[in-house]
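Please keep the sequence at hand while reading the points.

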Amino acid sequence: MTDIPSASSTAGFSSSPNVLAGSSLAVRHERGERQAFCGLSGIVWLHRKMQDSFFLVVGSRTCAHMMQSAAGVMIFAEPRFGTALLQDRDLAGLADANDELDRVVRELLARRPDIGTLFLVATCPSEVIKLDLDTAAARLQQAHGGRVRILAYSGSGLDTSFTQGEDSCLRALVPHLPELPAMQRSLLVVGSLADVVEDQFQRLFDKLGIGPVHFLPPRRAADLPPVGPGTFLIAAQPFVGETMDALRERGSQLITAPFPFGIEGTRAWLLAIAAAWGISTQQVDEVIAAPAARAKTALARYREQLGGKRVSFLPDSQLEIPLGRFLARECGMQLGELGVPYLDRRLMEPELALLPKDTQLTEGQDLEPQLERLRAERPDITVCGLGLANPLEAEGLTTKWAIELVFTPIQGFDQAADLAELFARPLNRRQRLGF
Ligand code: SF4
């Protein structure tokens with residue numbers, strides 16, 4: 001088994017799986033060695049989503065290499081993220097590190113007047129030397145006030161998993177959201193969506209008479225959506241639990257629903273939102289009839305390819321449960337072990353109710369025993385992180401990279417077939433290669 005240095009790989013916990021009864025499914029809880037990208041990965045899609053933002057990773061060369069691996073670009077080309085490297089000298093004294101950070105930010109802002117919001121992103125090294133980036137952000141905000149908003153959040157592998165970086169980033173924005181005027185009602189969709197998907201949902205909301213609708217993150221970090229007691233919140237991604245908590249503390253109301261993956265998930269998601277607006281199921285079904293019918297036709301051929309095939313998930317992206325539900329119920333796949341990094345029951349309960357009753361759900365990870373179970377099971381396709389995909393392929397298992405599912409447009413009716421195709425493609429490739 002090979003490992004990659006940029007992945008967060010935490011050993012040392014006792015590994016003692018136990019099986020506890022959940023509200024509807026048996027859940028195996030595991031704690032031990034885990035392998036997943038850290039929260040820095042979120043920068044890969046967040047910097048594309050928020051066009052006026054810049055992410056300054058305050059970390060080591062390992063963090064810079066991690067960004068390079070995850071983004072597949074040369075980080076020193078400095079698109080809208082970069083790394084302030086902590087050197088040995090910084091590790092020797094916090095005063096030096098703070099001075100260095102101030103200098104790097106000063107030079108960056110002078111060079112890049114297009115930056116509207118600058119995120120200082122904490123890493124394992126900055127947290128180990130206790131470099132307080134919240135205080136640094138406040139200090140730098142004062143120094144550069146008016147010109148740019150400067151915020152801090154953690155992408156550290158010490159306390160975040162792969163997609164939690166986005167949750168930490170969005171949560172950092174919440175105190176800065178303007179107040180929704182009293183007596184007004186609005187919908188806030190939380191979690192990054194591709195612009196094309198946002199536009200499709202916006203058109204459906206318009207037809208249903210639901211609005212005004214805002215999205216978090218916004219396309220420009222400067223255009224922060226308002227929030228208040230009249231705001232209804234719905235998650236578009238399953239990894240935004242802490243952001244939802246912070247938004248609820250601003251008085252807004254949570255709508256829970258299955259996530260908008262596949263026809264069933266998208267319909268259920270829209271129905272839950274429509275119910276908060278007093279719109280009937282019949283009205284929703286009339287508005288979605290055409291895109292749902294298109295999706296059904298497009299999905300049919302993938303159901304033929306995927307039906308009866310077995311898919312397992314190693315815990316990585318937090319998308320595992322809604323994807324498993326989609327593959328089982330709409331593509332006819334059999335679920336092997338379904339691993340999730342953590343189980344946020346509040347957001348996930350509507351999804352759990354739709355999973356097959358015999359689903360083997362595992363929360364957390366103890367890598368080696370999990371890999372042994374996977375080898376014994378030998379599913380047709382395994383969804384896992386980049387660090388595990390190549391070694392598993394070398395063992396003859398077909399894999400799908402979890403990270404690809406996070407930054408590919410897969411939500412909504414028009415993407416249902418594209419989502420199925422992402423799973424059909426590796427199976428077809430292996431078939432063509434004659435394995
Ligand atoms: Fe590795 Fe931690 Fe840096 Fe992530 S933040 S790349 S886990 S050192």
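1. Helices (H or I, at least four residues) and strands (E, at least two) are DSSP runs, numbered from the N terminus. The model is predicted, so local features need pLDDT of at least 70 and side-chain atom pairs count only at pLDDT 80 or more, while totals for chains, interfaces and linings use all residues. Residues are numbered from 1 along each chain as its sequence is written, and side-chain values use heavy atoms, with hydrogens and water left out.

2. Helix H2 (61-71) and helix H5 (124-128) each contribute at least two residues to the shell around the ligand. Nine residues surround the ligand (a heavy atom within 4 Å), and the closest are Cys38, Cys63, Met66, Thr123 and Cys124.

3. In helix H7 (residues 164-173), nine of the 10 residues are buried, that is, under 20% relative accessible area (1.4 Å probe, protein chains only). Among them are Gln164, Glu166, Asp167 and Leu170.

4. Ser53 lies in strand E5 (residues 53-59) and is buried, with a relative accessible area of 1%. Its side chain reaches the backbone oxygen of Met50 at 2.6 Å. Leaving aside neighbours within four places in sequence, Ser53 is in contact (heavy atoms within 4.5 Å) with Leu46, His47, Arg80, Thr117, Phe119 and Ala221.

5. Which residues of H12 meet Met348, Glu351 and Leu352 in H13? They are Ile321, Pro322 and Arg325.

Terms used:
Buried means under 20% relative accessible area, exposed over 50%, partly exposed in between (1.4 Å probe, protein chains only). A polar contact is a pair of N or O atoms within 3.5 Å; within protein, one must be able to donate a hydrogen and the other to accept it, and residues adjacent in sequence count only if both atoms are side-chain atoms.
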